[in-house]
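Here are my notes on the model. Please read them with the coordinates open.

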Amino acid sequence: MSLEPIAFWGLAAVLLASSLAVVLTRNLFHSVLYLALSLTATAGVFLSLDAEFLAAVQLLLYAGGVVTIVVFAIVVTERLVGDRITQTSRQILTGFILSGALLVAVLVVFRRAPLTVLRPAVSGDLTRAIGESLLTSYVLPFELLGVLLLAALLGALYFARPDD
Amino acid sequence: MTLQAYLTLAALLFCIGLFGVLTRRNTIGILLGIELMLNAVNINLVAFARFLGDVSGMVFTVFAICITVAEVALGLALVILIFRIRRTAIADHLDLLKG
């Protein structure tokens with residue numbers, strides 16, 4: 001019994017529990033904090049898949065950036081309302097049936113699909129391979145991504161301009 | 001762990017996120033559900049990349065993460081803008097297009 005299954009099941013338990021808390025808890029602010037936990041656990045899953053670079057990106061961009069932005073948005077939109085940051089859910093039965101049906105369908109496909117079970121050994125440095133592939137075969141999408149981020153930045157600036 | 005275990009984990013995560021998107025009333029809560037769904041997709045991409053020995057999936061994950069961050073920033077900017085105009089962050093109250 002190696003350490004790997006223990007790490008996987010522990011991470012999976014934390015990930016699923018915090019994700020359920022994100023969609024079920026009533027306090028919106030707690031919901032965001034559980035999302036931060038869930039994103040951090042995802043970084044752990046990436047680590048267990050030998051993708052150290054992606055784990056670092058996940059921590060920096062998601063758990064650092066996204067959570068900060070969401071907290072900021074909650075503070076801005078809930079301050080003027082005045083009452084507690086509670087949120088209610090609607091159509092719980094419909095949501096449960098739809099997402100449950102999708103889950104069952106996907107799991108049935110998994111059972112029938114011929115999936116590779118053997119995990120190949122890591123050949124060389126994965127981070128180096130990602131960097132090389134990013135700047136050779138995927139250089140055009142990489143540059144387009146820069147344009148997209150610029151457009152998003154300008155768009156956010158435009159939205160956030162003061163009322164005149 | 002097998003590829004099947006990772007895919008099942010991602011499928012569970014995706015369905016939890018979908019449940020959140022379908023049931024939440026607050027616009028920010030809906031965005032959090034979308035985050036969970038995108039997260040599940042990233043786990044799938046990395047798992048396939050690792051098990052098939054092809055680094056393209058991981059490159060694609062880098063793209064997906066960057067685009068998601070841009071999407072969240074703009075989505076929340078829209079939420080704040082709508083809140084300024086309509087004084088609400090509840091999705092059901094934004095029924096301007098209702099005839």
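1. Start at B:Ala10. Beyond its neighbours within four places in sequence, B:Ala10 is in contact with B:Ala40, B:Ile43 and B:Asn44. Contact means C-beta atoms, placed from the backbone, within 7 Å.

2. Conventions. This is a predicted model: local features need pLDDT of at least 70, side-chain atom pairs count only at pLDDT 80 or more, and totals for chains, interfaces and linings use all residues. Residues are numbered from 1 along each chain as its sequence is written, while chains are lettered from A and ligands numbered from 1 in the order in which they are written.

3. Core. The largest nonpolar core has 60 residues, and B:Ala10 and B:Ile43 are among those with the most contacts inside it. Such a core is a set of buried Ala, Val, Leu, Ile, Met, Phe, Trp, Tyr and Cys residues joined through C-beta atoms within 7 Å; buried means 20 or more other C-beta atoms within 10 Å of a residue's own. Helix 1 of chain B gives the most to this core, with 14 residues. Helices here are DSSP runs (H or I, at least four residues), numbered from the N terminus.

4. Interface. In chain B, 58 residues are in contact with 71 residues of chain A. Helix 3 of chain B gives the most to chain B's side, with 21 residues.

5. Helix pair. The axes of helix 2 and helix 3 of chain B come within 9 Å and cross at roughly 175°. Axes are lines fitted to C-alpha atoms over the stretch in contact, with angles from 0 to 180 degrees between N-to-C directions. The two helices of chain B are therefore roughly antiparallel to each other (angles over 145 degrees).

Terms used. A residue is buried if 20 or more other C-beta atoms lie within 10 Å of its own, exposed if 12 or fewer, and partly exposed in between; C-beta atoms are placed from the backbone. Two residues are in contact if their C-beta atoms, placed from the backbone, lie within 7 Å. Angles under 35 degrees count as roughly parallel, over 145 as roughly antiparallel, 65 to 115 as roughly perpendicular and the rest as oblique.
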